[in-house]
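Here is a friendly walk through a fold, starting with an open space in it and ending with a single residue. Have the sequence and the model side by side as you read.

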Amino acid sequence: MEDCLACDLLAGRRPVPGGTIDETDLWVVQHCVGPLGIGTLIVKPKRHVVHLGELDEEEAADLGPLLRRTAAAVARVFEPDQVYVCLWSHAENVPGHIHWVVQPVASSADPARRGPHLQAAMFDADEYPDPAAVEDAADRLRAALAVESA
């Protein structure tokens, strides 16, 4: 698909810090390339899908177990207070390739650092993780996912 960041990352047309962390025949897990912090993963279908209802039966059946394993690995590696999982699909204000953001969230007294305000605050801050730290996190997450898959 032309002009699709998710497809470009899947096809290797754009670099993915840490590379692919996990995958099934139908899904891939990669570190987020945006400003959502170390350990924030993206779970996306390999096929360009814009609406949740467009997933086929196999994709839908594969999704739940993969999200559970991914969230468990994030919890194991980062020991956050919570792991947020949410569906995103917009790019440039247009629905795009669906993907789930799986994000470790630490405790904070600041309401902008938790709940529905967290991701907006992180995008406003526009602070991207250090690529070396992403590589390290990806390695640790791969190891945790291997345990979850065993």
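The lining of the largest pocket is made of 16 nonpolar, nine polar and three charged residues (Ala, Val, Leu, Ile, Met, Phe, Trp, Tyr, Cys and Pro count as nonpolar, Asp, Glu, Lys and Arg as charged, and the others, Gly among them, as polar). This is a predicted model, where local features need pLDDT of at least 70 and side-chain atom pairs pLDDT 80 or more, while totals for chains, interfaces and linings use all residues. Residues are numbered from 1 along each chain as its sequence is written, and side-chain values use heavy atoms, without hydrogens and water.

S5 gives the largest share of that lining, six residues. Helices (H or I, at least four residues) and strands (E, at least two) are DSSP runs, numbered from the N terminus.

Now turn to helix H4, residues 131-149. Its 19 residues should span 27 Å at 1.5 Å a residue, and the end C-alpha atoms lie 26 Å apart, which agrees (the expected span is 1.5 Å times one less than the number of residues). Which residues of H4 are buried? They are Val134, Ala137, Ala138, Leu141, Ala144, Leu145 and Glu148, where buried means under 20% relative accessible area with a 1.4 Å probe, protein chains only. The buried residues of H4 pack against S1, S2, S3 and H2, with contact meaning heavy atoms within 4.5 Å.

Strand S2 holds Val28, which counts as buried because its relative accessibility is 2%. Among the residues that Val28 touches, leaving out those up to four places away in sequence, are Leu10, Ile42 and Val43. Leu10 is 18 residues from Val28 along the chain, with 8.1 Å between their C-alpha atoms.

Key:
Buried < 20%, exposed > 50% of the residue type's maximum accessible area, 1.4 Å probe, protein only.
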